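Let us walk through this structure from its overall fold down to single residues. Keep the sequence and the coordinates side by side as you read.

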Amino acid sequence: MADREDKNAENVAGKFYVDSQCIDCDLCRETAPKNFTRADDEGYSFVYKQPESDEEREQCIEAMEGCPVEAIGNDGED
Ligand code: SF4
């Protein structure tokens, strides 16, 4: 389970986030490309935009459920 106290620094404020457990596998960026991107210098993913539509929300949930190391959380705060 992702830890909101351990978010990667680049995440925008809000519900979804990636924490430091990310292994840079690319799944979330493929599944929800409007919300997840890669910190190239660091080699991990982060949420660059919170979902703004039902489609984006569904993609974020799919990414969260598919993440192999459970690095994505949906209990973040502003
Ligand atoms: S799916 Fe999980 S491990 Fe893979 S890049 Fe996204 S946050 Fe990282």
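The secondary structure of the chain comes to two helices and four strands. Here helices (H or I, at least four residues) and strands (E, at least two) are DSSP runs, numbered from the N terminus. Along the sequence they follow the pattern β-α-β-β-α-β. The radius of gyration, taken over C-alpha atoms, is 11 Å, close to the 12 Å that the globule rule gives for 78 residues, so the chain is as compact as a globular protein of that length. That rule is 2.2 Å times the number of residues to the power 0.38.

Some ground rules come next. This is a predicted model: local features need pLDDT of at least 70, side-chain atom pairs count only at pLDDT 80 or more, and totals for chains, interfaces and linings use all residues. Residues are numbered from 1 along each chain as its sequence is written.

Now the overall dimensions. The C-alpha atoms fill a box of roughly 30 × 25 × 20 Å, taken along the principal axes. Two residues are in contact if their C-beta atoms, placed from the backbone, lie within 7 Å. Of the contacts with a separation of 6 or more, 60% join residues 24 or more positions apart. Burial is also counted on C-beta atoms placed from the backbone: a residue is buried if 20 or more others lie within 10 Å of its own, exposed if 12 or fewer, and partly exposed in between. Buried residues make up 31% of the 78 residues in the chain.

Which residues have the most contacts inside the largest nonpolar core? They are Val18, Cys28, Val47, Ala63, Cys67, Ala71 and Ile72, in a core of 16 residues. Strand E1 (17–18), strand E3 (44–47) and helix H2 (54–66) each supply at least two residues of this core. H2 gives the largest share, three residues. A nonpolar core is a set of buried Ala, Val, Leu, Ile, Met, Phe, Trp, Tyr and Cys residues joined through C-beta atoms within 7 Å.

Leaving aside neighbours within four places in sequence, Cys28 is in contact with Phe36, Ser45, Ala63, Cys67 and Ile72. Cys28 also belongs to the ligand shell. Of the 14 residues around the ligand, Cys22, Cys25, Leu27, Cys28 and Cys67 come nearest. The shell divides into eleven nonpolar residues, one polar and two charged. In this count Ala, Val, Leu, Ile, Met, Phe, Trp, Tyr, Cys and Pro are nonpolar, Asp, Glu, Lys and Arg are charged, and the others, Gly among them, are polar.

Next, the loop between E1 and helix H1 (27–31), where Asp24 is found. Phi of Asp24 is near 60 degrees, a positive value in a residue other than glycine. Asp24 is partly exposed, with 13 other C-beta atoms within 10 Å. Asp26 lies in the loop between E1 and H1 too. Asp26 has a positive phi of about 90 degrees although it is not a glycine. Is Asp26 buried or exposed? With 11 C-beta neighbours inside 10 Å, Asp26 counts as exposed.

Move on to the hairpin. Strand E2 (residues 36–39) and E3 pair in the antiparallel sense over four bridges; pairing requires that DSSP finds at least two bridges between the strands. Arg38 has Ser45 in E3 as its bridge partner. Four residues sit between the two strands, and Gly43 in this hairpin takes a positive phi near 80 degrees.

The segment before E1 holds Ala2 and Phe16. Ala2 is buried, with 23 other C-beta atoms within 10 Å. Ala2 and Glu70 are 68 residues apart in sequence and 5.8 Å apart in space, C-alpha to C-alpha. Beyond four places in sequence, Ala2 touches Tyr17, Asp19, Glu70, Ala71, Ile72 and Gly73. Phe16 counts as buried, with 27 C-beta neighbours inside 10 Å. The C-alpha atoms of Phe16 and Asp75, 59 residues apart along the chain, are separated by 6.6 Å. Contacts of Phe16 beyond four places in sequence include Val47, Cys60 and Ile72.

Finish in helix H2, at Glu65. With 10 C-beta neighbours inside 10 Å, Glu65 counts as exposed.

Definitions and conventions: A residue is near a molecule or strand if its C-beta atom, placed from the backbone, lies within 6 Å of it.
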